[in-house]
Amino acid sequence: MPRSSDELKRMGTPHPDLLAALETEPFPDLTNGDPKASIFDVRQNRAEHLAKLRHLYPIPGPIPDSVREIEHQIPVRDGSSVGVRIYVPTKTSEKDAPLILMMHEGGWTMGDLTDEDQNCRMFARDLGAVCVNIEYRLGPEHPFPAGVNDCWDVVQWCAKTASPSSETLPASPQSGFIVGGASAGGNLAAVMCQLSRDEGLTPPLTGQYLCVPALLWWDVVPEKWAEEYKSRAEAEFDPVLKLSNDKNSVIDALKVDTRSPLFSPLLHSNLKGLAPAYFQLAGLDPLRDEGLLYEKVLREEHAVPTRLEVYDGFGHMFWTNW
(Lines give C-alpha, C1' and ligand atoms only; values in the text may rest on other atoms or scores of the structure.)
Protein backbone atom coordinates (compact mmCIF):
# COMPACT_ATOMS: atom_id res chain seq x y z
CA MET A 1 0.00 0.00 0.00
CA PRO A 2 1.21 3.55 -0.73
CA ARG A 3 2.14 5.68 2.26
CA SER A 4 -0.64 7.88 3.61
CA SER A 5 -0.43 11.65 3.31
CA ASP A 6 -0.20 11.86 7.10
CA GLU A 7 2.80 9.51 7.14
CA LEU A 8 4.59 11.49 4.44
CA LYS A 9 3.83 14.77 6.18
CA ARG A 10 5.26 13.43 9.42
CA MET A 11 8.39 12.23 7.65
CA GLY A 12 8.82 15.51 5.79
CA THR A 13 8.35 17.98 8.63
CA PRO A 14 11.74 19.32 9.77
CA HIS A 15 12.77 18.08 13.21
CA PRO A 16 13.40 20.79 15.83
CA ASP A 17 16.88 19.36 16.51
CA LEU A 18 17.85 19.73 12.86
CA LEU A 19 16.48 23.28 12.72
CA ALA A 20 18.50 24.15 15.83
CA ALA A 21 21.65 22.63 14.30
CA LEU A 22 21.13 24.59 11.09
CA GLU A 23 20.74 27.79 13.06
CA THR A 24 24.12 27.19 14.68
CA GLU A 25 25.94 25.56 11.77
CA PRO A 26 24.32 26.13 8.35
CA PHE A 27 25.34 23.68 5.64
CA PRO A 28 28.08 25.32 3.55
CA ASP A 29 27.75 26.26 -0.09
CA LEU A 30 30.15 23.77 -1.64
CA THR A 31 30.44 25.93 -4.76
CA ASN A 32 31.72 28.87 -2.64
CA GLY A 33 29.16 31.03 -4.41
CA ASP A 34 30.55 30.29 -7.86
CA PRO A 35 27.80 29.06 -10.24
CA LYS A 36 30.55 27.86 -12.59
CA ALA A 37 32.36 25.81 -9.93
CA SER A 38 33.57 22.51 -11.38
CA ILE A 39 32.89 19.09 -9.96
CA PHE A 40 36.54 19.06 -8.89
CA ASP A 41 36.06 22.28 -6.90
CA VAL A 42 32.97 20.88 -5.19
CA ARG A 43 34.79 17.59 -4.51
CA GLN A 44 37.63 19.42 -2.77
CA ASN A 45 35.27 21.71 -0.81
CA ARG A 46 33.21 18.73 0.37
CA ALA A 47 36.32 16.89 1.52
CA GLU A 48 37.54 19.93 3.47
CA HIS A 49 34.11 20.45 5.06
CA LEU A 50 33.89 16.87 6.30
CA ALA A 51 37.52 16.79 7.45
CA LYS A 52 36.75 19.65 9.84
CA LEU A 53 33.94 17.64 11.44
CA ARG A 54 35.47 14.22 11.89
CA HIS A 55 37.11 15.00 15.23
CA LEU A 56 33.52 15.19 16.55
CA TYR A 57 32.59 11.68 15.35
CA PRO A 58 32.14 8.87 17.92
CA ILE A 59 35.22 7.21 16.40
CA PRO A 60 37.32 10.13 15.13
CA GLY A 61 40.33 8.12 14.00
CA PRO A 62 42.07 4.72 14.04
CA ILE A 63 41.57 2.55 17.14
CA PRO A 64 44.60 0.21 16.95
CA ASP A 65 43.85 -1.45 20.29
CA SER A 66 40.57 -2.74 18.81
CA VAL A 67 40.98 -2.75 15.03
CA ARG A 68 43.95 -3.46 12.78
CA GLU A 69 43.85 -1.61 9.43
CA ILE A 70 45.45 -2.95 6.24
CA GLU A 71 45.91 -1.04 2.97
CA HIS A 72 45.61 -3.30 -0.06
CA GLN A 73 45.40 -3.05 -3.85
CA ILE A 74 43.02 -5.32 -5.77
CA PRO A 75 43.48 -5.86 -9.54
CA VAL A 76 40.42 -5.06 -11.66
CA ARG A 77 39.34 -6.01 -15.15
CA ASP A 78 40.98 -3.17 -17.10
CA GLY A 79 44.44 -4.02 -15.78
CA SER A 80 44.56 -1.31 -13.12
CA SER A 81 43.93 -1.75 -9.41
CA VAL A 82 41.57 -0.38 -6.80
CA GLY A 83 42.59 0.50 -3.27
CA VAL A 84 40.78 -0.96 -0.29
CA ARG A 85 41.20 -0.55 3.43
CA ILE A 86 40.61 -3.74 5.44
CA TYR A 87 39.62 -3.57 9.11
CA VAL A 88 40.29 -6.62 11.27
CA PRO A 89 39.18 -6.95 14.90
CA THR A 90 42.14 -7.46 17.24
CA LYS A 91 40.03 -9.30 19.82
CA THR A 92 40.04 -13.04 19.22
CA SER A 93 36.73 -14.87 19.06
CA GLU A 94 35.66 -18.49 18.99
CA LYS A 95 33.36 -17.62 16.07
CA ASP A 96 34.58 -16.91 12.55
CA ALA A 97 34.29 -13.24 11.61
CA PRO A 98 31.59 -12.20 9.14
CA LEU A 99 32.55 -10.03 6.17
CA ILE A 100 31.13 -6.56 5.44
CA LEU A 101 31.96 -4.58 2.28
CA MET A 102 31.26 -0.84 2.34
CA MET A 103 31.00 1.61 -0.58
CA HIS A 104 31.22 5.32 0.17
CA GLU A 105 28.84 8.16 -0.63
CA GLY A 106 29.55 11.19 -2.82
CA GLY A 107 27.28 11.06 -5.87
CA TRP A 108 29.62 8.71 -7.79
CA THR A 109 31.90 11.75 -8.36
CA MET A 110 33.19 12.57 -4.86
CA GLY A 111 34.29 10.85 -1.67
CA ASP A 112 36.97 8.45 -0.57
CA LEU A 113 37.80 5.88 2.11
CA THR A 114 37.46 8.43 4.92
CA ASP A 115 33.70 8.51 4.34
CA GLU A 116 33.24 4.94 5.59
CA ASP A 117 36.14 4.76 8.06
CA GLN A 118 33.87 5.24 11.06
CA ASN A 119 31.32 2.58 10.08
CA CYS A 120 34.03 0.04 9.26
CA ARG A 121 35.86 0.66 12.54
CA MET A 122 32.60 0.41 14.46
CA PHE A 123 31.49 -2.80 12.71
CA ALA A 124 34.89 -4.39 13.34
CA ARG A 125 35.08 -3.32 16.98
CA ASP A 126 31.43 -3.86 18.00
CA LEU A 127 30.31 -6.68 15.70
CA GLY A 128 33.56 -8.58 15.31
CA ALA A 129 33.32 -8.26 11.53
CA VAL A 130 36.12 -7.93 9.04
CA CYS A 131 35.30 -4.91 6.86
CA VAL A 132 36.48 -3.90 3.42
CA ASN A 133 36.20 -0.21 2.48
CA ILE A 134 36.30 0.19 -1.33
CA GLU A 135 37.85 3.20 -3.07
CA TYR A 136 36.11 2.72 -6.40
CA ARG A 137 37.01 5.10 -9.23
CA LEU A 138 34.95 8.25 -9.68
CA GLY A 139 33.41 10.17 -12.55
CA PRO A 140 34.00 12.21 -14.59
CA GLU A 141 37.55 10.83 -14.83
CA HIS A 142 36.15 7.30 -15.00
CA PRO A 143 32.68 7.28 -16.62
CA PHE A 144 29.94 4.75 -15.84
CA PRO A 145 30.12 1.82 -15.35
CA ALA A 146 33.74 2.01 -14.13
CA GLY A 147 32.73 2.45 -10.46
CA VAL A 148 30.23 -0.42 -10.69
CA ASN A 149 32.82 -2.69 -12.31
CA ASP A 150 35.40 -1.80 -9.67
CA CYS A 151 33.04 -2.68 -6.84
CA TRP A 152 31.92 -5.92 -8.48
CA ASP A 153 35.54 -6.99 -9.07
CA VAL A 154 36.29 -6.33 -5.41
CA VAL A 155 33.20 -8.28 -4.29
CA GLN A 156 34.33 -11.27 -6.35
CA TRP A 157 37.90 -10.99 -5.04
CA CYS A 158 36.58 -10.98 -1.48
CA ALA A 159 34.40 -14.02 -2.10
CA LYS A 160 37.43 -15.94 -3.41
CA THR A 161 39.98 -14.65 -0.90
CA ALA A 162 38.18 -14.53 2.44
CA SER A 163 39.07 -17.34 4.82
CA PRO A 164 39.48 -17.51 8.59
CA SER A 165 43.14 -18.47 8.00
CA SER A 166 43.87 -15.68 5.50
CA GLU A 167 46.46 -13.07 6.49
CA THR A 168 44.84 -10.44 4.27
CA LEU A 169 41.13 -11.16 4.71
CA PRO A 170 40.56 -13.36 7.79
CA ALA A 171 36.79 -13.68 7.51
CA SER A 172 34.22 -16.35 6.80
CA PRO A 173 31.52 -15.26 4.30
CA GLN A 174 29.50 -18.26 5.44
CA SER A 175 29.19 -16.50 8.82
CA GLY A 176 27.79 -13.40 7.10
CA PHE A 177 28.54 -11.62 3.82
CA ILE A 178 27.06 -8.13 3.57
CA VAL A 179 27.38 -5.24 1.12
CA GLY A 180 26.47 -1.74 2.26
CA GLY A 181 26.78 1.95 1.73
CA ALA A 182 25.09 5.33 1.91
CA SER A 183 23.68 7.47 -0.90
CA ALA A 184 25.67 6.56 -4.02
CA GLY A 185 27.25 3.81 -1.91
CA GLY A 186 23.77 2.48 -1.12
CA ASN A 187 23.05 2.48 -4.84
CA LEU A 188 26.21 0.47 -5.49
CA ALA A 189 25.37 -1.95 -2.65
CA ALA A 190 21.93 -2.61 -4.18
CA VAL A 191 23.54 -3.19 -7.57
CA MET A 192 26.16 -5.53 -6.05
CA CYS A 193 23.38 -7.55 -4.44
CA GLN A 194 21.59 -7.93 -7.76
CA LEU A 195 24.79 -8.83 -9.62
CA SER A 196 25.70 -11.41 -6.98
CA ARG A 197 22.34 -13.13 -7.49
CA ASP A 198 22.49 -12.83 -11.29
CA GLU A 199 26.07 -14.16 -11.53
CA GLY A 200 25.71 -16.87 -8.88
CA LEU A 201 28.33 -15.49 -6.51
CA THR A 202 29.75 -18.15 -4.19
CA PRO A 203 29.54 -17.88 -1.27
CA PRO A 204 26.33 -15.87 -1.71
CA LEU A 205 25.64 -12.55 -0.05
CA THR A 206 23.58 -12.79 3.13
CA GLY A 207 22.50 -9.16 3.43
CA GLN A 208 22.44 -5.65 1.95
CA TYR A 209 22.62 -2.41 3.96
CA LEU A 210 21.00 0.45 2.02
CA CYS A 211 21.40 3.81 3.74
CA VAL A 212 19.66 6.80 2.08
CA PRO A 213 20.25 5.10 -1.28
CA ALA A 214 19.69 6.42 -4.80
CA LEU A 215 17.71 3.70 -6.57
CA LEU A 216 15.70 5.18 -9.44
CA TRP A 217 16.57 8.23 -11.52
CA TRP A 218 13.89 10.86 -12.01
CA ASP A 219 13.64 10.60 -15.81
CA VAL A 220 12.91 6.85 -16.03
CA VAL A 221 10.17 6.39 -13.41
CA PRO A 222 7.51 3.93 -14.64
CA GLU A 223 3.98 5.32 -14.65
CA LYS A 224 2.88 2.75 -12.07
CA TRP A 225 5.16 4.38 -9.48
CA ALA A 226 4.69 8.03 -10.44
CA GLU A 227 2.27 8.80 -7.61
CA GLU A 228 4.66 7.39 -5.01
CA TYR A 229 7.78 9.04 -6.44
CA LYS A 230 7.38 12.66 -5.35
CA SER A 231 10.24 13.51 -3.00
CA ARG A 232 12.81 14.10 -5.77
CA ALA A 233 10.78 17.10 -6.96
CA GLU A 234 8.90 18.09 -3.82
CA ALA A 235 11.51 17.83 -1.04
CA GLU A 236 11.89 21.45 0.07
CA PHE A 237 13.74 21.31 3.36
CA ASP A 238 16.71 19.00 2.88
CA PRO A 239 19.77 21.17 3.67
CA VAL A 240 22.29 18.92 1.88
CA LEU A 241 20.73 17.46 -1.27
CA LYS A 242 18.99 19.79 -3.75
CA LEU A 243 18.26 17.48 -6.65
CA SER A 244 15.24 19.40 -7.94
CA ASN A 245 17.59 22.27 -8.89
CA ASP A 246 20.31 20.12 -10.46
CA LYS A 247 18.95 17.12 -12.28
CA ASN A 248 21.57 16.48 -14.92
CA SER A 249 25.04 17.33 -13.61
CA VAL A 250 25.68 13.82 -12.26
CA ILE A 251 24.43 12.24 -15.47
CA ASP A 252 26.62 14.52 -17.56
CA ALA A 253 29.64 13.68 -15.39
CA LEU A 254 29.07 9.92 -15.46
CA LYS A 255 27.81 9.61 -19.05
CA VAL A 256 25.30 7.07 -17.79
CA ASP A 257 22.17 5.55 -19.30
CA THR A 258 19.72 6.10 -16.44
CA ARG A 259 17.60 3.17 -17.65
CA SER A 260 20.35 0.70 -16.82
CA PRO A 261 19.65 -1.37 -13.70
CA LEU A 262 23.34 -0.94 -12.92
CA PHE A 263 22.37 2.68 -12.15
CA SER A 264 18.63 2.46 -11.37
CA PRO A 265 18.38 -0.91 -9.58
CA LEU A 266 14.63 -0.52 -9.03
CA LEU A 267 14.30 -1.16 -12.78
CA HIS A 268 15.89 -4.63 -12.65
CA SER A 269 13.53 -7.08 -14.34
CA ASN A 270 13.89 -9.68 -11.58
CA LEU A 271 13.94 -8.72 -7.89
CA LYS A 272 13.27 -12.19 -6.51
CA GLY A 273 15.79 -14.10 -4.43
CA LEU A 274 17.81 -11.12 -3.25
CA ALA A 275 19.53 -11.05 0.13
CA PRO A 276 17.62 -9.49 3.05
CA ALA A 277 17.74 -5.69 2.99
CA TYR A 278 18.10 -3.15 5.81
CA PHE A 279 17.02 0.38 4.85
CA GLN A 280 17.83 3.64 6.63
CA LEU A 281 15.95 6.58 5.09
CA ALA A 282 15.66 10.26 5.99
CA GLY A 283 12.27 11.97 5.97
CA LEU A 284 13.40 15.22 4.29
CA ASP A 285 15.62 13.47 1.75
CA PRO A 286 14.82 13.84 -1.97
CA LEU A 287 15.81 10.15 -2.22
CA ARG A 288 13.25 9.09 0.39
CA ASP A 289 10.49 7.87 -1.91
CA GLU A 290 12.64 5.60 -4.06
CA GLY A 291 13.87 3.96 -0.85
CA LEU A 292 10.30 3.49 0.35
CA LEU A 293 9.36 2.08 -3.05
CA TYR A 294 12.24 -0.39 -3.22
CA GLU A 295 11.58 -1.65 0.31
CA LYS A 296 7.88 -2.12 -0.47
CA VAL A 297 8.47 -3.83 -3.81
CA LEU A 298 11.06 -6.21 -2.35
CA ARG A 299 8.89 -7.10 0.63
CA GLU A 300 5.38 -7.17 -0.86
CA GLU A 301 6.01 -8.38 -4.39
CA HIS A 302 9.13 -10.55 -4.09
CA ALA A 303 9.11 -11.88 -0.50
CA VAL A 304 12.56 -10.44 0.27
CA PRO A 305 12.95 -9.93 4.04
CA THR A 306 13.40 -6.23 4.85
CA ARG A 307 13.82 -3.92 7.81
CA LEU A 308 13.04 -0.22 7.44
CA GLU A 309 13.92 2.76 9.62
CA VAL A 310 12.90 6.29 8.62
CA TYR A 311 14.38 9.25 10.48
CA ASP A 312 11.42 11.62 10.44
CA GLY A 313 12.31 15.27 9.98
CA PHE A 314 15.98 14.75 9.13
CA GLY A 315 17.78 15.16 5.81
CA HIS A 316 20.22 13.36 3.58
CA MET A 317 23.42 12.29 5.41
CA PHE A 318 22.41 14.44 8.41
CA TRP A 319 24.59 12.51 10.87
CA THR A 320 27.82 13.18 8.97
CA ASN A 321 27.22 16.95 8.81
CA TRP A 322 25.83 17.73 12.28
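One aromatic cluster is formed by Trp108, Phe144, Trp217 and Phe263. The model is predicted, with a mean pLDDT of 96 for the protein and a score of at least 70 for 99% of the residues. Confidence is highest in strand E3 (residues 99–103), at 99, and lowest in H8, at a mean of 89.

Across the whole structure, 11 aromatic pairs are found. In one of them, the ring centres of tryptophan 108 and tryptophan 217 are 6.1 Å apart and the planes stand at 65 degrees; the pair is therefore edge-to-face, since the angle is over 60 degrees. This pair joins distant parts of the chain, 109 residues apart: tryptophan 108 belongs to the loop between E3 and helix H4 (114–127), and tryptophan 217 to the loop between strand E6 (207–211) and helix H7 (231–234). Tryptophan 108 and tryptophan 217 are both buried. Tryptophan 108 also pairs with phenylalanine 263 in a tilted arrangement, with 4.9 Å from centre to centre and 45 degrees between the planes. Here too distant parts of the chain are linked, as phenylalanine 263 is in the loop between H8 and strand E7 (277–282), 155 residues from tryptophan 108. The relative accessibility of tryptophan 108 is 10%, so this residue counts as buried; phenylalanine 263 counts as buried at 3%.

The largest pocket contains about 840 Å³ of space. It is lined by 36 residues, and Leu30, Val42, Met110, Val240 and Leu241 are the closest to its centre. Helix H3 (39–51), helix H8 (249–254) and helix H10 (318–321) are the elements that contribute two or more residues to this lining. H3 contributes the most, with 5 residues. The pocket lining consists of 19 nonpolar, 11 polar and 6 charged residues.

Serine 166 is located in the loop between helix H5 (146–161) and strand E5 (177–182). Its relative accessibility is 18%, so serine 166 counts as buried, the limit being under 20%. A polar atom of the serine 166 side chain lies 3.2 Å from the backbone nitrogen of threonine 168. The side chain of serine 166 also reaches the backbone nitrogen of leucine 169, at 2.9 Å.

Terms used:
Residues numbered from 1 in each chain as written. Predicted model: local features only at pLDDT ≥ 70, side-chain atom pairs only at ≥ 80, totals over all residues. Heavy atoms only, no water. 1 Å grid on protein atoms, 1.4 Å probe; cavity = no way out; pocket = protein on both sides within 12 Å on 5 of 7 lines; lining within 4 Å. Points joined across faces, edges and corners; volume = space filled by probe spheres on them. Helix = DSSP H or I, 4+ residues; strand = E, 2+ residues; numbered from the N terminus. Nonpolar A, V, L, I, M, F, W, Y, C, P; charged D, E, K, R; others polar. Buried < 20%, exposed > 50% of the residue type's maximum accessible area, 1.4 Å probe, protein only. Polar contact = N/O pair within 3.5 Å; in protein donor to acceptor, adjacent residues only side chain to side chain. pLDDT = per-residue confidence, 0-100. Phe/Tyr/Trp six-rings, centres within 6.5 Å; stacked < 30°, edge-to-face > 60°.
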